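Me: I would like to go through the labels used for this structure and ask what each one rests on. Take them one at a time, please.

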Amino acid sequence: MTSLNWQKAVVLALRRDTPDTVTVFFRPDAPLPYEAGQHVMVRFRFGTLTLVRAYSLSSAPHEPELCFTVREFIGGRVSAHINRSLRVGERFSISGALGDFCASRLAPADRERPWVCVAGGAGITPLFSLLKHSLLAVP
């Protein structure tokens, strides 16, 4: 198994996007290089229980603050904690960036072609990052 390169991060701000969705702005203890469209593993401890979830970064690499967006799912222990209990200043563990849902993984000719983006529910999160990043290239 590949090492996830865990590190600590601190919550800088929380933005309530919808009644059941929150965006978490955070600062990792060390730089976290990533590409638009990638995700991270987030680890929370609840007493003796440790739970890990994957969340796509909704920030783009050029933005000064990192963030991910979480919709609360019924019965979801981590999503409920993030939406109801997470506080500014709280620390949690985060992995290095993972995944291949990135423009750089496209063939060079395809990077120049128009994109059609279709997503639903939580699947829209990596598109936020990709679209914000791709808009930098538009004059």
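**Labels and their cut-offs**

Reply: Phenylalanine 46 has a relative accessibility of 16% and therefore counts as buried, because buried means under 20% relative accessible area, with exposed over 50% and partly exposed in between (1.4 Å probe, protein chains only). This is a predicted model, in which local features need pLDDT of at least 70 and side-chain atom pairs count only at pLDDT 80 or more, while totals for chains, interfaces and linings use all residues. Residues are numbered from 1 along each chain as its sequence is written, and side-chain values use heavy atoms, with hydrogens and water left out.

Me: Why is the pair of phenylalanine 44 and phenylalanine 46 called tilted?

Reply: Rings of Phe, Tyr and Trp (its six-membered ring) pair if their centres lie within 6.5 Å; planes under 30 degrees apart count as stacked, over 60 as edge-to-face and the rest as tilted. Here the centres are 6.5 Å apart and the planes stand at 35°, so the pair is tilted. Phenylalanine 44 is buried, because its relative accessibility is 3%.

Me: How many aromatic pairs does this rule give?

Reply: The count is six. One of them joins phenylalanine 26 and phenylalanine 68, with 5.6 Å between centres and 50° between planes, and is tilted. Phenylalanine 26 belongs to strand 2 and phenylalanine 68 to strand 5, so this pair ties together parts 42 residues apart in sequence. Phenylalanine 26 and phenylalanine 68 are both buried. One aromatic cluster is formed by Phe26, Phe44, Phe46, Tyr55, Phe68 and Phe92.

Me: What makes strand 2 and strand 5 a pair?

Reply: Strands (E, at least two residues) and helices (H or I, at least four) are DSSP runs, numbered from the N terminus. Two strands pair if DSSP finds at least two bridges between them. Strand 2 (residues 21-28) and strand 5 have six bridges, in the antiparallel sense. Valine 24 has phenylalanine 68 of strand 5 as its bridge partner. Strand 5 covers residues 66-71, and five of its six residues are buried.

Me: What places arginine 77 over the ring of phenylalanine 46?

Reply: A charge sits over a ring if NZ of Lys or CZ of Arg is within 6 Å of the ring centre and within 35 degrees of the ring normal. The charged end of arginine 77 is 4.4 Å from the centre of the phenylalanine 46 ring and sits over that ring. Likewise, the charged end of arginine 43 sits over the ring of tryptophan 6, at 4.1 Å from its centre.

Me: Why is threonine 69 called buried, and which side chains does it reach by polar contact?

Reply: Its relative accessible area is 14%, so threonine 69 is buried. A polar contact is a pair of N or O atoms within 3.5 Å; within protein, one must be able to donate a hydrogen and the other to accept it, and residues adjacent in sequence count only if both atoms are side-chain atoms. The side chain of threonine 69 makes such a contact with the side chain of threonine 23 at 2.9 Å and with that of serine 58 at 3.0 Å.

Me: Is tyrosine 55 buried or exposed?

Reply: Tyrosine 55 is buried, because its relative accessible area is 11%. Tyrosine 55 lies in strand 4 (residues 49-56). Contact means heavy atoms within 4.5 Å, and tyrosine 55 touches residues including Phe68, Thr69 and Ile82.

Notes. Lists of a residue's contacts leave out its neighbours within four places in sequence.
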